[in-house]
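I opened the model today to look at helix packing. My entries follow.

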Amino acid sequence: MKILNKLILFSSLLSIVYTSSVNNFSHQINLTQQIVVKADVTGGYTVQDFCDYLQDKSEHYPLSDEFIERYQQTSGGYIDNAKKYGIPVDKTIHEPNQKWHFFVSWIEDGAIDKTQSAKSRVYTGLLCPELLLWIYEAMGVNPAKVKEAKAVAEKGKVEGINVSTLAKNMRSVVTWEDLIVEISKQ
């Protein structure tokens with residue numbers, strides 16, 4: 001649906017350019033290019049769109065659960081939040097699960113504005129490797145890419161790389177386009 005809306009927008013913008021006078025033609029082309037580029041960069045998806053897509057997904061997926069067994073953070077962030085809620089913190093059973101982490105600890109308790117761009121807030125703004133892996137799996141990203149992102153995250157954990165660099169390295173494997181391809185199938 002979102003892609004169809006973008007095509008309609010693009011088509012109507014082209015019509016405006018086509019019917020405009022010759023003197024304004026180059027200016028209108030530039031305006032059209034700016035609008036189309038902006039739509040491509042943000043993907044037009046909000047945090048709410050990602051919430052809607054992920055709402056009915058499983059709490060557990062194999063690769064993110066494997067990562068949690070070895071590298072789940074031990075304190076801070078969603079771990080401390082889970083303890084406040086009385087949720088078990090036990091990496092052997094993959095708890096707290098990453099669906100809870102995303103919806104309750106990160107979105108609700110983090111007071112995330114759901115109208116924000118998903119690209120900047122979810123894709124670029126998230127730093128937790130366990131949550132990123134869960135999102136990749138829940139969104140149906142190519143399993144080979146998710147495995148590679150997991151390997152990058154594990155290597156980063158072993159080397160003691162800070163989480164922002166670790167997340168950036170994971171994003172170099174699973175691109176924004178990988179995520180929006182999946183969500184656009186909805």
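I began with helix 6 (residues 98-108), where 10 of the 11 residues are buried, meaning under 20% relative accessible area with a 1.4 Å probe and protein chains only. Helices here are DSSP runs of H or I, at least four residues, numbered from the N terminus.

The model is predicted, and local features need pLDDT of at least 70, side-chain atom pairs pLDDT 80 or more, while totals for chains, interfaces and linings use all residues. Residues are numbered from 1 along each chain, and side-chain values use heavy atoms, without hydrogens or water.

I listed the buried residues of helix 6; among them are Trp100, Phe102, Phe103 and Trp106. They pack against helix 3 (47-54), helix 4 (62-71), helix 5 (77-85), helix 7 (118-124) and helix 8. Contact means heavy atoms within 4.5 Å.

I then checked the pair of helix 3 and helix 6. Their axes, lines fitted to C-alpha atoms over the stretch in contact, come within 11 Å and cross at roughly 145°, on a scale from 0 to 180 degrees between N-to-C directions. Val47, Cys51 and Leu54 of helix 3 meet Lys99, Phe102, Phe103 and Ile107 of helix 6. By class, I noted 6 nonpolar, no polar and 1 charged residues in this contact.

Beyond four places in sequence, Phe102 touches residues including Val122, Leu131, Trp134 and Ile135.

Note on methods
Buried means under 20% relative accessible area, exposed over 50%, partly exposed in between (1.4 Å probe, protein chains only). Helices (H or I, at least four residues) and strands (E, at least two) are DSSP runs, numbered from the N terminus. Ala, Val, Leu, Ile, Met, Phe, Trp, Tyr, Cys and Pro count as nonpolar, Asp, Glu, Lys and Arg as charged, and the others, Gly among them, as polar.
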